[in-house]
Amino acid sequence: MTLLRSNQHAYSKIDKEDPEEVRSRRAQFLIYKVLDRVDSRRKPSFLRIRLCRLKVKIGKRLKKLRKSMLVSVSAARISFYKQAITQLKTWKRFFGPAESNIATLPAFFK
């Protein structure tokens, strides 16, 4: 009697599946997997939140420091250039006797 009902509940083999259906089923599986992973996440610890905030605070301070250093370096460069130009003007007046030297110098020394 068991021989008569042996293949009654067996799986039947599918010849070919539609590729669109396979993609759709795969996408549904991946979506389910991601949602399941999100649901299973534990609540972030208090220490992790504090560390994250500390990193943000340090990052902001470093950014502010870098900007201020850039401003101070550019200000120092400008002041150095001004000093150099005034020195060159002084040397021009000291060494150059008259109008002949003024015509040969570039415009920013005048």
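Arg23 is exposed, as its relative accessible area is 53% (exposed means over 50%, buried under 20% and partly exposed in between, with a 1.4 Å probe and protein chains only). Arg23 forms a salt bridge with Glu20, and the closest N and O atoms of the two are 3.0 Å apart; the term requires a side-chain nitrogen of Lys or Arg within 4 Å of a carboxyl oxygen of Asp or Glu. Glu20 and Arg23 are 3 residues apart in helix 1 (residues 19–40), so about one helical turn separates them. A search of the whole structure returns 1 salt bridge.

The model is a predicted one, in which local features need pLDDT of at least 70, side-chain atom pairs count only at pLDDT 80 or more, and totals for chains, interfaces and linings use all residues. Numbering runs from 1 along each chain as its sequence is written, and side-chain values use heavy atoms, with hydrogens and water left out.

Turning to the overall layout, the protein has 3 helices and 0 strands, in the order α-α-α along the sequence. Helices (H or I, at least four residues) and strands (E, at least two) are DSSP runs numbered from the N terminus. Of the 110 residues, 3% are buried. The protein exposes about 11600 Å², of which carbon and sulfur atoms supply 62%; accessible areas come from the Shrake-Rupley method with a 1.4 Å probe, and for residues only the protein chains shown count as cover.

Two kinds of surface patch can be followed here. Patches consist of residues with over 30% relative accessible area and no salt bridge, like charges being joined within 9 Å and nonpolar side chains (Val, Leu, Ile, Met, Phe, Trp, Tyr) within 5 Å. Leu47, Leu51, Leu54, Ile58, Leu62, Leu65 and Met69 make a nonpolar patch of about 690 Å². Leu54 lies in helix 2 (residues 46–95) and is partly exposed because its relative accessibility is 44%. A positive patch is formed by Arg50, Arg53, Lys57, Arg61 and Lys64, where Lys and Arg count as positive, Asp and Glu count as negative, and His and the chain ends are not counted; the charge is placed at NZ of Lys, CZ of Arg, CG of Asp or CD of Glu. Lys57 is also found in helix 2, and is partly exposed at 48%.

The aromatic pairs number 2, a pair being rings of Phe, Tyr and Trp (its six-membered ring) with centres within 6.5 Å; planes under 30 degrees apart count as stacked, over 60 as edge-to-face and the rest as tilted. Phe80 and Tyr81 have ring centres 6.2 Å apart and planes at 50°, so this pair is tilted. For Phe94 and Phe95, the centres are 5.0 Å apart and the planes at 75°, which means an edge-to-face pair.
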